[in-house]
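Subject: Structure for you to look at

Hello,

Here is the structure I said I would pass on. Please open it first, then read my notes below with it on screen.

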Amino acid sequence: MKYYLTTPIYYVNAAPHIGHAYTTIVADTVRRLKAMQGYNAVLTTGSDEHGVNVERAAQRVGKSPKEYCDVIAAEFENQWRLLGLKVDHFQRTTSPQHARVVQDLFERCRKNGYIYKGSYTGQYCIHDNLYVNDAKAGDPCPDCGRPTETITEENFFFKLSAFQDKLLDLYNREPKFILPETRRNEVVSFVKTGLTDLSITRTNIKWGIPVAGEAPHVFYVWFDALTTYMSAVEGEHLWPADLHLIGKEIVRFHAIYWPAFLMAAELPLPKRIFAHGWLLFEESKMSKSRGNIVRPEPIRRVMGADALRYFLMREIVFGQDGSFSYDALVGRYNSDLANGLGNLASRTLTMINQYSGGAVPACTTEGAIPGLAMQTISAATAAFEEFEFSKGLETIWSLLSATDKFIVEQAPWTLAKNPDLRPKLDATLYTAAEVLRIATALLAPVLPESTAKIWAQLGTPGPLDAVRIRDLAWGQLHPGHKIGEVSAVFPRIDTAKAVVEMRALEEEEAARQAALVGKTPPPPAAETTPKISIDDFVKVDLRVGLVLEAEPVRGASKLLKLKVDLAEPQPRTIVAGIAEAYQPEQLIGRKVVIVANLEPRKLRGVESNGMIVAASIEGGKPTLAGFLEDVPVGARLK
Ligand code: MSP
């Protein structure tokens, strides 16, 4: 029996961060879980390499698009290898095999009457050669801010509108096709509102898969990207996929476009799509454009891959958003791994050495633990099966702490002093060792590296990944067999020291990756700006202003027109590029910092008399400067 699963294929505009690692680690866990259930489990991940942005990034670093993609794809592949993830197929959308499958899918859809040539009208930035989806006439280009132009070009369209009923039938027939339920409901209501046909090719883009015999058309974004799931395993009899793991922001493409393409081509549909939540860092979605990302490599180097895996699987309820912080990462490690599992392992094995000559004692059973262990096997397995990783881990940890308590109550160190109590001592040690063996097997998919070490220390014959979960039962540890050499699997970590180390490595890694994509990270301000004298500074008239009114500027999605009180006879009109970060109503009544002596400037026909001061992060949204204490309107900043 096969189990074929996938992660999204990641864009090559950035090197891997822990958001990408999150999905890939979960996928690796599911793959290992399925393998331990006896499936031939196969995992595909890869890289999404076409499009103008990639062409441009390549230009920045003086490479051809393909050379550039080679570098970034290798970053991803290498990161997955370093993290020990079992990736069976790393599929690149630039591979010739992939192009063939995309062209094939297109032909099948076309033959069945679902493709037509139509005219596409949309907003386009001539300067950046960028199609701006969902923009209105005159909206600025998100990259350069110049006004976009409305263009009309001939494209191939996919008749998505023909699939509304078929898709709704599918969601009805297969209630678990999209998980979790909240995402399913979103998709169902979206599809119920009606579907419009989809333009799937472009003629202005060069870096894409050509539509065979239809130059200059190339495939546009999703028709190309989604097909990777099939092209990666072409000829391997693995299609349809059993599971597509994705982040929630791409659920529509997967749950609507993808099954529609496949239905149009009369190909089997994937069995399940699970859309997980976002990993937040510093309170917002971790993303390159916000500049709030954390990379996996510093964490791996300081704490090991299993520490990251455990944190992600235990701390975040799969399907919901969750926050990452270095403190929480080390905290979880110390409390659950060092003190919990690690402590039980070293305590148990050390006692077997000390009181039982390094051999598993006679098999006797004592107390409620064996029953609890059997319950844990089924409860944890059921939770994992339902993608409730955190719950499954919690169940296993309840067994570990019950066992800890049991050891303390039995007090083997006291039992060992009285030869008459030998059977009780043996039962205690056997019970602890059995729990350790069972927990280690159950945890192998989540903590592959460290469970393999515990397994070896237990001296259990055969490799851990050959264990079949369904065969796990109490009493399989053979009395008399020798345990291996004992050493700490999860040494305690000093939080402050580890965080400093990880942050330092993070900076190094950020600089290395920035060089790869041709963007230098912002160096400390002191190094970039020339020094000015105090006389220069006083020329800037900075004042406290109070926002009285705020409204959007028509045709400019980034701009707001503000009326600001500066304690002058008349309030000033100031146009500010903050519309993407603030709603007008959030600003009214807010005290802000204004450069009051800037020459007037016309923006979109509105004269702006001053500038609002905001922190700006490259690619991120502006954040207004403000005051914690109350300050009078008109006060000067010096
Ligand atoms: N190339 C498309 C996907 C095409 S699939 C046929 C794409 N690429 S991406 O590089 O932006 O990756 C998005 C995926 O990365 C998310 O769906 C999710 O799996 C993962 N994540 C990226 N950032 C993430 C977080 N901050 N949090 C959780 N997952 C994140 O979209």
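Strand E1 (2-11), helix H1 (18-36) and helix H7 (222-226) each supply at least two residues of the shell around the ligand. E1 gives the largest share of that shell, with four residues. Please keep in mind that this is a predicted model.

The shell around the ligand has 23 residues, and those that come nearest are Ile9, Thr23, Asp48, Glu249 and Leu279. Sorted by class, the shell has 12 nonpolar, eight polar and three charged residues.

- Asp48 places a polar side-chain atom 2.7 Å from a nitrogen atom of the ligand.
- Gly247 has a polar backbone atom 2.9 Å from an oxygen atom of the ligand.
- Met286 has a polar backbone atom 3.0 Å from a nitrogen atom of the ligand.

How much of the ligand's accessible area does the protein cover? On its own the ligand has 670 Å² of accessible area, and the protein covers 94% of this.

On the H2 side the contact is made by Val54, Glu55, Ala57 and Ala58, and on the H3 side by Pro65, Tyr68 and Cys69. Six residues of this contact between H2 and H3 are nonpolar, none is polar and one is charged.

The second pair is helix H11 (residues 305-315) and helix H14 (residues 389-410). Their axes come within 7 Å and cross at roughly 105°, which makes H11 roughly perpendicular to H14. Which residues meet here, in H11 and in H14? From H11 they are Tyr310, Met313 and Arg314, and from H14 they are Phe389, Ser390, Leu393, Glu394 and Trp397. The contact of H11 with H14 divides into five nonpolar residues, one polar residue and two charged residues.

Regards

Notes
Residues numbered from 1 in each chain as written. Predicted model: local features only at pLDDT ≥ 70, side-chain atom pairs only at ≥ 80, totals over all residues. Heavy atoms only, no water. Contact = heavy atoms within 4.5 Å. Nonpolar A, V, L, I, M, F, W, Y, C, P; charged D, E, K, R; others polar. Near = heavy atom within 4 Å. Polar contact = N/O pair within 3.5 Å; in protein donor to acceptor, adjacent residues only side chain to side chain. Areas by Shrake-Rupley, 256 points an atom, 1.4 Å probe, with all protein chains shown as cover. Axes fitted to C-alpha atoms, helices over the stretch in contact; angles between N-to-C directions. Parallel < 35°, antiparallel > 145°, perpendicular 65-115°, else oblique.
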